[in-house]
Amino acid sequence: MNMKPLWLAAVTLVGLLAACASPSPAPVLLTLPPASIAAAAAAAPAPSASMPTIAVRRVAIPEYLVARRVRFRADAATLAEWPNTYWAERVEIGVTREFVSALRAQLPGWTLCEATCGEQSSAHGLQVDVVPLDYLRTERKLLARARLTLVDTAGSPPRVLRSDEKAYEISASADTAQAQAQAIATLIGRIAIDAAALVKAAKP
């Protein structure tokens, strides 16, 4: 009697039973928490001509991070991904939204809008480029450098009013994807503080 078909059927049955007994875990959807920074201490002044509307462009982050999977740097030349973990939205959109929210808290009285201001006239544009933006999982550390550029968009061509470049190092509280997201939120808050200082320094 040929036992091979019976053996193959038994192996297949065991595999099916094992798959049913241990279903795959549901994917983890990760969102950026709000940047936890203190709002500007001064009372919000009434908007005036000296406090123009500022169009905040989308925050630029490295192309290798623009993905649904949550990525980190395993070493100087290698990227890795947290298992079964995904951004709930496009990460560059979340970064921009939280940055604008944090910057608004630092600039009471100013009018901020994302990308374009619609019917509102905007004489200034703010661009933030964050490169690199590397989370080193083995060190639980986020390393980043941000270039901040404030532009007068009233003229043609636009004129750079002020620019600055800052380096940041943020420590994470745990070896988890959620701790990495919190480190990014902390970074956003610090960049917002520096961007607000840049805007205030350029005010006539």
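**Group meeting talk: salt bridges and a nonpolar core**

Hi everyone, let's start with a pair of side chains: D175 and R137 form a salt bridge, and their closest N and O atoms are 2.8 Å apart. By salt bridge I mean a side-chain nitrogen of Lys or Arg within 4 Å of a carboxyl oxygen of Asp or Glu. D175 sits in the loop between β8 and α3, and R137 in the loop between β6 and β7, so this pair ties together parts that are 38 residues apart in sequence.

A word on the source: this is a predicted model, where local features need pLDDT of at least 70, side-chain atom pairs count only at pLDDT 80 or more, and totals for chains, interfaces and linings use all residues. Residues are numbered from 1 along each chain as its sequence is written, and side-chain values use heavy atoms, with hydrogens and water left out.

Now, the overall layout. The protein chain has 3 helices and 8 strands; these are DSSP runs numbered from the N terminus, helices being H or I of at least four residues and strands E of at least two. From the N terminus, the order is α-β-β-β-β-α-β-β-β-β-α.

Back to charges: how many salt bridges are there by this rule? The count comes to 13. One of them joins E81 and R69, at 3.7 Å from N to O. E81 is in strand β4 and R69 in strand β3, so they link parts that are 12 residues apart in sequence. Another joins R147 and E165, with the closest N and O atoms 3.2 Å apart. Here R147 belongs to strand β7 and E165 to strand β8.

What about the inside? Of the 204 residues, 36% count as buried, where buried means under 20% relative accessible area, exposed over 50%, and partly exposed in between, with a 1.4 Å probe and protein chains only. The largest nonpolar core has 47 residues, and F99, L103, L126 and I191 have the most contacts inside it. Such a core is a set of buried Ala, Val, Leu, Ile, Met, Phe, Trp, Tyr and Cys residues joined through side-chain atoms within 4.5 Å. Its largest share, 13 residues, comes from α3.

Is T149 buried or exposed? T149 counts as buried, at 15% relative accessibility. Leaving aside neighbours within four places in sequence, T149 is in contact (heavy atoms within 4.5 Å) with residues including L126, V160 and L198.
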